[in-house]
Amino acid sequence: MNVRLGYVAMTLNLENCSPSGTVTVKTFSGLPDTEVRLHRLKKITKVNLNNTLRILRYNKALNISVYRFTSKLVPLATHPLIEDWNYTDDFREEFIQIGQFVKENDFRVSAHPDHYTLINSSSEKVFESSLRDLDYHVKLYEAMGLDDYKYKLVMHIGGVYKNKELSIERFKECFEKLPDRIRRRLILENDDKAYTARDVLEICRDLKVPMVLDVHHHNCVNNGEPLEDMLRDIFKTWAGEYFPPKIHFSSPKTIKEFRSHADDIEPGEFEKFLKTAKKTGVDFDVMIEAKNKDNALLNLSNKIKEFENIRWINEGHFEVL
C-alpha cells in the first residue's frame with residue numbers, strides 16, 4: 001500500500017518565498033489612482049506566481065508531489081474593485097510555466113476555497129459570492145493549462161441554518177446547478193463542527209463525488225462511528241479518478257484547543273491511522289495540515305522510518321507492508 005505526503009501552500013525552508021502576498025481593501029482603496037492600484041496588484045501577483053514555481057521546484061527536489069495552492073495567488077481577485085482586471089492574460093506566461101511544471105512532473109495539486117464559500121446558504125448574495133470564489137479558483141487552473149478535471153477543489157458542505165436535513169438538500173440542489181467546469185472539480189470534506197464523515201459520505205454517494213476524509217475533523221465531531229467502518233466506503237468514492245483517495249491529517253494543538261492545528265503531526269496518531277487504513281489495502285495521499293508546513297511533513301517522514309512494517313522510499317513517499 002503506497003502513501004504519499006503533501007503540505008499546504010507555504011514552505012518554511014525557502015527565503016522570501018511566500019505565495020500569498022496580499023493587500024487590504026482599505027490600503028488598496030487609499031492608493032491615489034487606478035494606475036497605481038493596478039501596479040500594486042500586478043507587483044504582488046507576479047511575486048506570488050514566481051514563488052509558487054520556486055516552491056514546486058523545491059518540492060520536486062524533495063520528492064514531494066502532493067501540494068495545495070494558496071487561494072491568495074491573485075490579491076483581491078474576487079472583489080468588485082478589480083472585476084475588470086484580466087489577470088490571467090497579464091500573467092499568461094507565469095501561469096503556463098506553473099501548469100507545465102505540474103504536468104511534466106505529474107504533481108497532484110489542489111486548492112481549498114475559504115470557509116466563507118457556502119453554496120448551501122439561503123442567501124442569494126452569499127451564493128453568488130461563493131460562486132465567484134469557485135470561479136476564480138477554476139480560472140487559475142484554466143490559466144495554468146490544467147484543464148483535466150483531476151485537479152480538484154476541496155470544499156465543505158457549509159452551514160446548518162437551524163435545519164441540517166434541509167441544508168443538505170439545498171446543498172445538493174445548488175451543487176447540481178453549478179457550471180460543469182466548476183462542479184466537476186469539487187470534492188467534499190467533513191468539517192469539525194456540523195457535518196460528520198458519515199454525513200459527507202452519504203452526500204458524496206448521492207452526488208457521485210469523491211470524499212476527502214479529514215481525520216482530525218472526524219475526531220472533533222462524530223456520532224460514535226468507528227473510522228474503520230467507513231474508510232473503505234470513503235475510498236470507494238474515488239473509483240474512476242486519476243489520483244488515489246486523499247485524506248487530510250492534523251493533530252490538535254492542545255486538549256483545550258482541540259480543533260486548532262498543532263505545529264506538527266503526532267507520530268503515534270498517524271501510525272494508528274495507518275494501521276486502520278492498511279485494512280483497506282488502498283493507496284492514498286495525505287495532505288498534512290500543520291503550522292510547520294513542509295517542516296511538519298519532513299519531521300513526520302523522518303519519524304515514519306521508525307514505524308513497524310514500513311518501507312520508507314523518500315521524503316514524500318512510503319509503503320505500508
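Student: How much of the chain is made up of buried residues?
Tutor: Buried residues make up 52% of the 321 residues in this predicted model. Buried means under 20% relative accessible area, exposed means over 50%, and partly exposed is in between, with a 1.4 Å probe and protein chains only.

Student: Predicted, okay. What should I know about that?
Tutor: In this predicted model, local features need pLDDT of at least 70 and side-chain atom pairs count only at pLDDT 80 or more, while totals for chains, interfaces and linings use all residues. Residues are numbered from 1 along each chain as its sequence is written, and side-chain values use heavy atoms, with hydrogens and water left out.

Student: Which residues have the most contacts inside the largest nonpolar core?
Tutor: Those are Leu188, Leu213, Phe270, Phe273 and Phe284, in a core of 93 residues. A nonpolar core is a set of buried Ala, Val, Leu, Ile, Met, Phe, Trp, Tyr and Cys residues joined through side-chain atoms within 4.5 Å.

Student: And what does Phe270 touch, not counting residues up to four places away in sequence?
Tutor: Its partners include Leu5, Phe249, Val286 and Phe318. Contact here means heavy atoms within 4.5 Å.

Student: New topic: where does Arg4 lie?
Tutor: Arg4 is in strand S1, residues 2-8. Strands (E, at least two residues) and helices (H or I, at least four) are DSSP runs, numbered from the N terminus.

Student: Why does Arg4 count as buried?
Tutor: Because its relative accessibility is 18%. Beyond residues up to four places away in sequence, Arg4 touches Phe284 and Asp285, among others.

Student: Which side chain joins that of Arg4 in a polar contact?
Tutor: The side chain of Ser65, at 3.2 Å. A polar contact is a pair of N or O atoms within 3.5 Å; within protein, one must be able to donate a hydrogen and the other to accept it, and residues adjacent in sequence count only if both atoms are side-chain atoms.

Student: Now Thr11. Is it buried or exposed?
Tutor: Thr11 is buried, with a relative accessible area of 3%. You'll find Thr11 in the loop between S1 and helix H1 (25-30).

Student: What does its side chain reach at 3.0 Å?
Tutor: The backbone nitrogen of Asn13. The Thr11 side chain also makes a polar contact of 2.6 Å with the side chain of Asp294.

Student: Last one: how many helices and strands does the chain have?
Tutor: The chain has 12 helices and 10 strands. Its C-alpha trace spans about 60 × 50 × 40 Å along the principal axes.
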